[in-house]
Amino acid sequence: MLPRGSVAPVSIIPVPRVAVIVVAAGSGSRLAAGIPKAFVGLDDHTILRHALRGIFEAPPMQVIVVAPAGREGDALTDAEEAAADGRDLMSVVTGGPSRQASVAAGLAVLWGDVEYVLVHDAARALTPPDVFTRVIGALEAGAAGVVPVMPVVDTIRQMEGDTIVGVVDRSSLTAAQTPQGFPRRILETAYAAADQEYTDDAAVVAAAGHATTTVAGDAIAFKITTRADLDRARALVSPLPKSATPLGESALPRVGIGTDVHAFGGDGSLWLAGLEWPGEQALSGHSDGDAVAHAIVDALLAASGLGDIGTHFGTDRPEYGGAHAEAFLGRTLALLGEAGLRVGNVSVQVQARRPRLAGRRAEAEAVLSRALGGAPVSVSATTTDGLGFTGAGEGVAAFAVALVVPAR
Ligand code: CTP
Ligand code: MG
């Protein structure tokens, strides 16, 4: 109770001009976790809670969480924890059967003073606050629609049935992320007029005749859609073990070496150098048996003085069972980052009779490089003149050398 004569404190949070609708009402059928995707845990916290953390670190906004029917209470718990002092800014509403219906449910509860609306997928759980700031900046500069984008790194092929009929020019393509932002009236009008399901909010607004502009997205804002995405997100947020032999600034740059061997005989398809090799015999191992990725991890950890692959990815880590190169390399990159280091370059050589790496060398280098935040990765391959276990076709060996440098 307040002492007699004192004045009750009033909320001094100004009414924000920006709102964000966080759509979290999907079932996550492709993830198939048995519960709605937004409530799947990354560490101690759910996907939704992680998504909201980034949002509450961005400039103050009205935050509307759109939850699956029956899960509103769970969403409110996550939102209240993430909001801390910003609880007055957030509310939870029930979503609809489609993403578009869920966005519409959010639009219905915008506060009167809101001028700009951002729509964000909770499934992009690790989106940094900067992306929100860039989208808001472009809206304030007068854009009718803003989409964060990433360059397309994969070669995109056009198919007819099972046959490749052409390669699409990558320079004309871009990958759209969220949060996508719009002036409120434009978004409301476009949603009121939408008479079909569109792929995203920019498409709804484009159908109403407005041009959208782009800002830089962020690789870490990837959407958690499949099990592999979930593995990658979990790897990125898991706590970092303390370094056994921390690296002094004076020692940099430093090289490290890593080797790995896996025998053929696993289930499913072969994964090597970050690529799936349909029709080739699989390698066995706790994870996907990608000896190339594992050799690179060992080389990077050795160069960084952070132990080896067993220190960080042992068989006691079930989340790495079946994981692919991206999850291992992404986590390694995070470990290096925490230690104030970044990857200079990586060179890896594969000894194997099969598969024939030469034809997919560029593809492998692109995938591995992307997983390491864009650092150069060279992949070479050799056979051993029929000698040894690789010559006999019993397995694959990989040898990697990595250079690490100070992060700044
Ligand atoms: N979403 C929503 N309401 C729906 C469908 C989707 O709010 N009816 C949200 C999801 O919760 C997610 C975002 O839209 O944050 C992007 O959708 P997607 O990644 O496709 O999620 P899901 O639809 O849940 O997954 P899936 O398509 O695999 O079922
Ligand atoms: Mg979906």
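In the predicted model, a backbone N or O atom of V23 lies 2.8 Å from an oxygen atom of ligand 1, a polar contact being defined as a pair of N or O atoms within 3.5 Å, where within protein one atom must be able to donate a hydrogen and the other to accept it, and residues adjacent in sequence count only if both atoms are side-chain atoms. A backbone N or O atom of A25 likewise lies 2.8 Å from an oxygen atom of ligand 1, and for G26 the corresponding backbone distance to an oxygen atom of the ligand is 2.9 Å. Ligand 1 taken alone exposes 560 Å², of which the protein buries 87%; these accessible areas come from the Shrake-Rupley method with a 1.4 Å probe, and for residues only the protein chains shown count as cover.

The shell around ligand 1 holds 18 residues, and V23, G28, S29, S102 and K223 are the closest, a residue being near a molecule or strand if one of its heavy atoms lies within 4 Å of it. These shell residues divide into 6 nonpolar, 7 polar and 5 charged (Ala, Val, Leu, Ile, Met, Phe, Trp, Tyr, Cys and Pro count as nonpolar, Asp, Glu, Lys and Arg as charged, and the others, Gly among them, as polar). Ligand 1 sits in the second largest pocket, in the sense that more than half of its atoms lie within 2 Å of the grid points of that pocket. A pocket is here an open set of points, on a 1 Å grid over the protein atoms alone, where a 1.4 Å probe fits, with protein on both sides within 12 Å along at least five of seven lines.

Residues are numbered from 1 along each chain as its sequence is written, while chains are lettered from A and ligands numbered from 1 in the order in which they are written. As this is a predicted model, local features need pLDDT of at least 70 and side-chain atom pairs count only at pLDDT 80 or more, whereas totals for chains, interfaces and linings use all residues; side-chain values use heavy atoms, with hydrogens and water left out.

T46 is found in the loop between β1 (18-23) and α1 (47-57), helices (H or I, at least four residues) and strands (E, at least two) being DSSP runs numbered from the N terminus. With a relative accessibility of 14%, T46 counts as buried (buried means under 20% relative accessible area, exposed over 50%, and partly exposed in between, with a 1.4 Å probe and protein chains only). The side chain of T46 makes a polar contact of 2.6 Å with the side chain of D78, and a polar atom of the T46 side chain lies 3.0 Å from the backbone nitrogen of R49. I64, in strand β2 (residues 62-67), is also buried, at 0% relative accessibility, and its C-alpha atom is separated by 9.6 Å from that of A105, 41 residues apart along the chain.

Cis peptide bonds join T178 to P179, with omega near 10 degrees, and R354 to P355, with omega about -5 degrees. P179 lies in the loop between β8 (174-176) and β9 (180-183), and P355 in the loop between β14 (341-351) and α11 (361-371).

Positive phi values in residues other than glycine are found at A84, near 50 degrees, and at D385, near 60 degrees.

Terms used:
On a 1 Å grid over the protein atoms alone, a cavity is a set of points where a 1.4 Å probe fits but cannot get out, and a pocket is an open set with protein on both sides within 12 Å along at least five of seven lines; lining residues have an atom within 4 Å of a point.
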